[in-house]
2 protein chains.
Amino acid sequence: MKAALLGYGNLARGIESAIVQTKDMELTAVFTRRDPSSVKTISGVPVYSVDDIMIYKESIDVLFLCGGSATDLPAQTPEYAAHFNVIDSFDTHANIPQHFAAVNKAASESGHVAMISCGWDPGMFSLMRLYANAILPDGQDYTFWGKGVSQGHSDAVRRVPGVKDAKQYTIPVPAALEAVRNGETPELTTRQKHTRECFVVAEEGADLARIEQDIKTMPNYFSDYDTTVHFISEEEFLRDHQELPHGGMVFRSGRTGFSGEHKHIIEYKLTLDSNPEFTGAVLTCFGRAVYRLHREGATGCKTVFDIAPAYLTDMSDEEIRAHLL
Amino acid sequence: MKAALLGYGNLARGIESAIVQTKDMELTAVFTRRDPSSVKTISGVPVYSVDDIMIYKESIDVLFLCGGSATDLPAQTPEYAAHFNVIDSFDTHANIPQHFAAVNKAASESGHVAMISCGWDPGMFSLMRLYANAILPDGQDYTFWGKGVSQGHSDAVRRVPGVKDAKQYTIPVPAALEAVRNGETPELTTRQKHTRECFVVAEEGADLARIEQDIKTMPNYFSDYDTTVHFISEEEFLRDHQELPHGGMVFRSGRTGFSGEHKHIIEYKLTLDSNPEFTGAVLTCFGRAVYRLHREGATGCKTVFDIAPAYLTDMSDEEIRAHLL
């Protein structure tokens with residue numbers, strides 16, 4: 001199975017490193033909107049201009065779309081689904097129905113399979129919510145993120161005047177986690193679920209009190225949370241805050257029995273050293289499924305909910321029944 | 001969708017209570033090998049002799065087989081797959097390939113869908129192993145059970161001469177869990193993973209030291225574990241040990257990156273007040289999938305690996321994309 005990447009940022013490199021670990025997939029090309037000669041891949045796979053992508057059509061069984069959800073994917077996924085099997089990590093939850101409709105139209109008309117919103121949230125966390133809701137229809141869902149770096153929030157802090165660099169960590173509140181794990185099914189406000197911690201390198205002479213105030217009162221990003229701001233040196237920042245760890249937990253707390261007398265808690269927890277590499281690993285195995293579904297004659301837009309798990313692995317059905325069931 | 005149960009033990013009552021919670025399924029009959037007049041269902045659904053099951057063929061979309069894996073299911077599942085869509089919880093891991101082959105032959109020939117080995121282990125834990133292995137091919141699996149009642153081990157203790165009644169709890173070793181959660185990928189022996197705790201009501205005048213010795217040295221069941229035996233009164237036993245809680249954890253600890261430099265831990269954890277009711281809830285939503293697959297024209301034997309998650313819920317595809325993705 002031949003794979004290609006469109007884009008070469010953090011996520012694309014995560015997919016590249018995951019494909020290298022597989023036995024049944026080969027990365028044949030990276031396509032970029034930049035000057036191809038300015039992009040060098042870690043694995044040495046060739047880089048081409050996206051303008052030339054149709055030249056390489058025959059060597060692409062699945063195209064991984066590695067752009068952002070704000071402006072890239074809403075246009076790219078339908079556009080490339082007209083010519084390729086594609087997979088994206090579209091994560092603007094509110095716009096998923098609209099994105100699905102556009103991608104489904106393009107992929108159905110062209111006879112390709114196009115998967116959207118793959119990764120860990122949306123993606124594995126969505127799967128866990130679905131399984132747990134199906135098993136325990138009488139119950140409540142909880143999703144916590146972190147401890148980990150939110151790139152959107154880090155970007156927001158970097159846009160504050162006087163900030164040279166910044167990383168923002170999202171942290172679940174231990175008391176909230178404890179209450180959910182104990183089956184107390186608490187009602188939790190935004191503030192009760194997560195805290196936010198910022199590590200900021202300020203420009204020389206900047207007004208630190210004003211920066212801190214600007215961050216803590218920023219609507220949507222910080223004003224609904226308890227936020228801590230640490231000013232640190234650039235040296236410390238470069239030493240301690242270069243990685244992109246993340247993770248989180250999905251819970252369902254539900255009841256069974258003729259009078260709802262028995263409680264059950266399902267927890268799915270991810271602890272990730274590298275968010276882009278784990279996301280890339282998830283996309284890689286679902287990319288395998290996209291290719292297999294297409295070979296079987298499937299077309300149209302798919303999500304993680306539509307994929308039978310056996311399609312994800314390179315092991316045979318006999319092997320998985322013998323070793324994993 | 002019309003469902004029926006074959007057998008009416010703990011698991012069957014768990015399925016019965018789960019079907020009562022659904023909006024799209026109706027329990028139409030219970031079939032028993034006992035005298036039907038001696039069996040009274042909690043929900044009031046009628047009980048018939050299994051000898052008459054063919055009379056009710058038209059009112060059974062899915063037949064839940066609630067027998068045991070040792071002798072009932074190896075015969076029953078192929079037998080009834082010749083006439084019905086069926087689902088079982090066959091859990092003798094070593095015999096799954098052979099059971100699959102027999103059931104697949106019967107269901108393929110009769111044009112039905114027959115699902116085997118459904119529940120939480122095998123079942124949800126198997127799914128978690130598959131997803132996690134597909135995402136992190138370079139890694140190690142760990143499965144822990146408990147704290148919870150093992151019915152097989154409780155039965156084994158009850159067979160010791162001088163034992164009037166007994167419950168056995170399987171307990172994961174905290175230090176082993178801790179090491180796995182920390183990403184240490186330890187090599188663990190049987191003894192290092194779980195301890196066993198027995199609560200025993202002895203017959204009057206029985207030799208307690210001999211009973212304890214018989215339990216602790218019992219091959220397969222206890223000799224490879226650190227086991228604690230508590231002798232308690234019948235009153236205490238009836239007060240504190242009537243429930244069937246269980247649960248456990250599946251971990252995958254894996255690495256990504258061009259040099260395996262990033263660690264990731266996936267954990268799936270179940271904390272269950274009632275093992276049979278949770279197992280029944282899992283079987284109920286996979287029973288829904290069996291029926292839907294059959295309506296679409298599928299035939300043959302299926303496992304949890306073959307079922308796209310969207311088939312499990314009564315929500316529409318639009319709803320799950322809007323609310324769970």
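Q: In this predicted model, what makes a residue count as buried, and how does B:Thr170 score, buried or exposed?
A: Buried means under 20% relative accessible area, while exposed means over 50%. B:Thr170, which is found in strand S9 (residues 163–172) of chain B, has a relative accessible area of 5%. That value falls under the cut-off, so B:Thr170 is buried.

Q: Which side chains make polar contacts with the side chain of B:Thr170?
A: Let's take the two partners in turn. One polar contact, of 3.3 Å, links the B:Thr170 side chain to that of B:Gln168. Another, at 3.0 Å, goes to the side chain of B:Arg196. The names to note are B:Gln168 and B:Arg196.

Q: Which residues does B:Thr170 touch, not counting those up to four places away in sequence?
A: With residues up to four places away in sequence left out, B:Arg196 is among those touched, and its side chain also makes the 3.0 Å polar contact.

Q: How do H2(B) and H3(B) lie, roughly parallel or roughly perpendicular?
A: Helix H2 (residues 72–81) and helix H3 (residues 96–110) of chain B have axes 7 Å apart and pack at an angle of about 15 degrees. Angles under 35 degrees count as roughly parallel. The pair therefore lies roughly parallel.

Q: How many residues in the contact of H2(B) with H3(B) are nonpolar?
A: On the H2(B) side are B:Leu73, B:Pro74, B:Thr77, B:Pro78 and B:Ala81, and they meet H3(B) residues including B:His99, B:Val103 and B:Ser110. By class, 3 of the contact residues are polar and none is charged. The nonpolar count is 8.

Q: What is the arrangement of H4(A) relative to H10(B)?
A: Here the partners come from two chains: helix H4 (residues 124–135) of chain A and helix H10 (residues 275–295) of chain B. Their axes come within 8 Å and cross at roughly 105 degrees. Since 65 to 115 degrees counts as roughly perpendicular, H4(A) is roughly perpendicular to H10(B).

Q: Which residues of H4(A) make the contact with H10(B)?
A: The contact has 8 nonpolar residues, with no polar and no charged ones. H10(B) brings B:Phe278, B:Ala281, B:Val282, B:Cys285 and B:Phe286. From H4(A) come A:Tyr131, A:Ala134 and A:Ile135.

Q: Which backbone nitrogen does the side chain of A:Asp207 reach?
A: A:Asp207 sits in the loop between strand S10 (194–202) and helix H8 (208–216) of chain A. At 44% relative accessibility, this residue counts as partly exposed. Its side chain reaches, at 3.2 Å, the backbone nitrogen of A:Ala209.

Notes
Residues are numbered from 1 along each chain as its sequence is written. Chains are lettered from A and ligands numbered from 1 in the order in which they are written. This is a predicted model: local features need pLDDT of at least 70, side-chain atom pairs count only at pLDDT 80 or more; totals for chains, interfaces and linings use all residues. Side-chain values use heavy atoms; hydrogens and water are left out. Axes are lines fitted to C-alpha atoms, for helices over the stretch in contact, and angles run from 0 to 180 degrees between N-to-C directions. Helices (H or I, at least four residues) and strands (E, at least two) are DSSP runs, numbered from the N terminus. Angles under 35 degrees count as roughly parallel, over 145 as roughly antiparallel, 65 to 115 as roughly perpendicular and the rest as oblique. Contact means heavy atoms within 4.5 Å. Ala, Val, Leu, Ile, Met, Phe, Trp, Tyr, Cys and Pro count as nonpolar, Asp, Glu, Lys and Arg as charged, and the others, Gly among them, as polar. Buried means under 20% relative accessible area, exposed over 50%, partly exposed in between (1.4 Å probe, protein chains only). A polar contact is a pair of N or O atoms within 3.5 Å; within protein, one must be able to donate a hydrogen and the other to accept it, and residues adjacent in sequence count only if both atoms are side-chain atoms.
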